[in-house]
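Grab your viewer and let's work through a sheet, strand by strand. Each exercise comes with a solution.

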Amino acid sequence: MATTTTVTPGASNATGATRMAGTPRRLAWQIGEVAESIPDTPRTKSLFLEVPDWNGHRAGQHVDVRLTAEDGYQAERSYSIASAPESGRIELLVERLDDGEVSPYLTEELRAGDGLELRGPIGGWFAWDANEGGPLLLLAGGSGIAPLMAMVRHRKAAGSDAPVRLLYSSRSYEEVIFREELEALAAEDEALEVIQTLTRSAPEGWQGYDRRIDQAMLKDVAFPPQERPLAFVCGPTPLVETAATALVGLGHDPARIKTERFGPTGG
Amino acid sequence: MDEQRLDGNAAAGVLAEIFTFEITTARAACVHCGSSGEVGAQLAYISEIGTVVRCASCDGVLIRVVRQDEGPQRYWLDLKGIEYLQIQERP
C-alpha cells in the first residue's frame, strides 16, 4: 500500500483530539518531526522525533503512530519508546516487515524534517521508574528490546544502582539491536549484566547461549525468586508466553511479571 | 487483521481516548470469576472491529469498546464484565 502522511500541524482531527473547553485532557494526536532516522540493524531503524507538545513519558511506555493515505484510509500501529524519559527526543525502534502497512513507510520513506502523527505516552502498566528499585529482570526478543532499552537508559540517567539482568534473544549477531551501546553500558557498570542468546546463527567462538529462551536458561540467568525481581518481558508472543510461564514455574510471583506481546501481525 | 491475543496494556490507547485516568494500572474485579487484577495484566484482543479485554484468570469478557470513525465520532463501551474498578493515583 502506498501510504503518505497528510498532516497539518495544529489542526484538530477526529480521533481523540476533539476536546471541549474545560474538560480534562484525554489522549490526543499530535505531530512529531523526524529529526533523524538511523539504521540499527539490516531490518531496523531508530526514528528520533521532536514532539513539541510532549508531556514526558515513563520508561516502558509506547506511542500510537497513525498514517493517513490520500484516500483517507488510516493505519495505526503501536511502537514502544526506546529513549529514556530524560532524553529530549523520542526514539522509536521500527522493524521493517515486508508485508506491513506501516513499517515499510517508516523505515524506507520517512525522512528528516517529515512530520509523523502520533499520540502518547500510552500504557502506564508496562513501565518502570528508577525509584521503584530492583532487582530488574529484563527479557527481550528482537525489537522487543525497545521498551527495556528505555528502562536501561533511564536507570543510568537517573543514577540508579538497581541490579539489572537483561536476557536478550536475537536471531543472529548482526540482528542484535543496540549491541554496541549495551556492551558499553555493561562494561562500565557491574550491576548491569547483559546476557545474549542467538537462535539461528552464532559467530565462531560465540560465548553466549545459542537457543530460544527456556526454563533452564532462566534458571541460570534470572535472580532467585527470593530476591523478588521485577520482571519485564517484551517480544513476539511465543517468546513472551514461554518466558512468563517458565518464570512462574521457577517460583517467581506472577504479580511481579509484566509482559508486552507483539502479536503475530502488525507492521 | 486477524484478532490477536495481546496484553491489556495494548488496549491502553483506545481506552485513553475515553478515560482521563490511567486505566492500565486500575484494578478490575471480574464479574465472572471474582478475581481482580490490573487492566494491563489482562488479555486484549484487538481487531478492526474493536477491542475486547478478557480476564486473564477465566477468559470472561471484561471490556468491549467499539469506535465509529465515520461521521460524528462515537464509542460503544461495555463494562458489564467488571464488578468494580479501583483507580489509584501513582504514588
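Two strands count as paired if DSSP finds at least two bridges between them, and strands (E, at least two residues) are DSSP runs numbered from the N terminus. This is a predicted model, where local features need pLDDT of at least 70, side-chain atom pairs count only at pLDDT 80 or more, and totals for chains, interfaces and linings use all residues. Residues are numbered from 1 along each chain as its sequence is written, with chains lettered from A and ligands numbered from 1 in the order in which they are written.

**Exercise 1.** Work out the strand order of the open sheet in chain B, and find its edges.

*Solution.* Start at one side: strand 1 and strand 4 of chain B run antiparallel, joined by four bridges, with B:Asp7 partnered to B:Leu43. Next, strand 4 and strand 5 (residues 51-54) of chain B are antiparallel over four bridges too; B:Ala44 meets B:Val53 there, and four residues sit between the two strands of this hairpin. Put together, the five strands read 1-4-5-6-7. Strand 1 (4-7) and strand 7 (74-78) of chain B each have a single partner strand, so they're the edges, with one side lacking a neighbour in the sheet.

**Exercise 2.** Which side chains of strand 4 of chain B are buried (20 or more other C-beta atoms within 10 Å of the residue's own, C-beta atoms being placed from the backbone)?

*Solution.* Walk along residues 43-46 of chain B and the side chains alternate. B:Ala44 and B:Ile46 share one face and are buried.

Methods: A residue is buried if 20 or more other C-beta atoms lie within 10 Å of its own, exposed if 12 or fewer, and partly exposed in between; C-beta atoms are placed from the backbone.
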